[in-house]
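Let's take a walk through a protein fold together. Keep the picture open beside you and find each spot as we reach it.

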Amino acid sequence: MFQEVFSSVQGEGPYVGTRQVFVRFTGCNLNCAFCDTPTNTKPEHFVLEKTPGLRDFIQIKNPVEPIRMAELIKHYYNLENHHSVSLTGGEPLLHTDYIAQLVPLVQGTKRGIFLETNGTLPEKLASIINRIDIISMDIKLFSSTKEKTPWELHKEFLQVASQKDVYVKVVVSSATNFDELEQVVELIKNINRNIELVLQPVTPKGGIAPLDNHSLLLLQEQALKTLKNVRVIPQTHLMMGQL
Ligand code: SF4
């Protein structure tokens, strides 16, 4: 089941600005307070933007077979001109059987397959790790989600993901505290301190306030005491009005 398919620039993290085909799956195993993904897990249709940036969406009935999805992607977008195909959600790892079938059919980008995940399904990741090239792993902190952070699952997940090009992304808001960031830092350090950590200032909405600049820089400094690479990168696609 899908929500949307489009070609645009990656708006978050160290691959910001790269051109990707986004394939957004429905459904998630978490329930974050700031989630902006539609909650309907079984939409009758998904939308596909025919021409990048023109919002000329067509509606296509769910579900579609992997071979049909690959045909649609290759018909509307030239994969050679893309950095990667981004599998996103929701939580794409709820769809590993589908991904295993789709990935061989959408080869031809410059860097392959990019997975955007909440980092809580290590066994699912292990089952398709050979088909994935780059992993963007979120760790959702209690201060943002109001859900207990599943540290053990994140640890197992990052161990599997560290076979590949992986970075960890944490959304920080005015509620983020140093202790929970330190847990993220420790988790990364115990696997590989070269793994990049991205602090993503929350985009203010729905009563969630951003962290002030001073505190944001202090958080970065705290993480840099232990890790090699800690960057602050906001959501840039929203600034540009890109999908
Ligand atoms: S992990 Fe992502 S998609 Fe799932 S509930 Fe949280 S914000 Fe929404």
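Is Q222 buried or exposed? With a relative accessibility of 12%, Q222 counts as buried, because buried means under 20% relative accessible area, exposed means over 50%, and partly exposed is in between (1.4 Å probe, protein chains only). Before we go on, a word on the ground rules: this is a predicted model, in which local features need pLDDT of at least 70 and side-chain atom pairs count only at pLDDT 80 or more, while totals for chains, interfaces and linings use all residues. Residues are numbered from 1 along each chain as its sequence is written, and side-chain values use heavy atoms, with hydrogens and water left out.

Back to Q222, which sits in helix α7, residues 213-224. Helices (H or I, at least four residues) and strands (E, at least two) are DSSP runs, numbered from the N terminus. Setting aside residues up to four places away in sequence, Q222 touches F178, L181 and E182, where contact means heavy atoms within 4.5 Å. A polar atom of the Q222 side chain also lies 3.2 Å from the backbone oxygen of F178.

Now hop to T176, in the loop between β8 and α6 (178-189). T176 is buried too, at 9% relative accessibility. Its side chain reaches the backbone nitrogen of S173 at 2.8 Å. Beyond its neighbours within four places in sequence, T176 is in contact with L141, S143, V171 and L219.

Strand β8 (residues 165-172) holds K169. What does its side chain meet? The side chain of K169 makes a polar contact with the side chain of E12, at 2.9 Å. A polar contact is a pair of N or O atoms within 3.5 Å; within protein, one must be able to donate a hydrogen and the other to accept it, and residues adjacent in sequence count only if both atoms are side-chain atoms.

Helix α5 (residues 151-161) has its own buried set: W151, H154, F157, L158, V160 and A161. The cover over these buried residues includes β6, α3 (122-128), β7, β8 and α6. Here's a handy bit of background: an α-helix has 3.6 residues a turn, so residues three or four places apart point the same way.

Next, look for the largest pocket, with a volume of about 1100 Å³. On a 1 Å grid over the protein atoms alone, a cavity is a set of points where a 1.4 Å probe fits but cannot get out, and a pocket is an open set with protein on both sides within 12 Å along at least five of seven lines; lining residues have an atom within 4 Å of a point. Grid points are joined across faces, edges and corners, and a volume is the space filled by probe spheres set on the points. The largest pocket is lined by 44 residues, and R24, C35, D36, T37 and G89 lie nearest its centre. Strand β1 gives the largest share of the lining, four residues.

K146, which is not a glycine, has a positive phi near 65 degrees. K146 is in the loop between α4 (142-145) and α5, and at 52% relative accessibility K146 counts as exposed.
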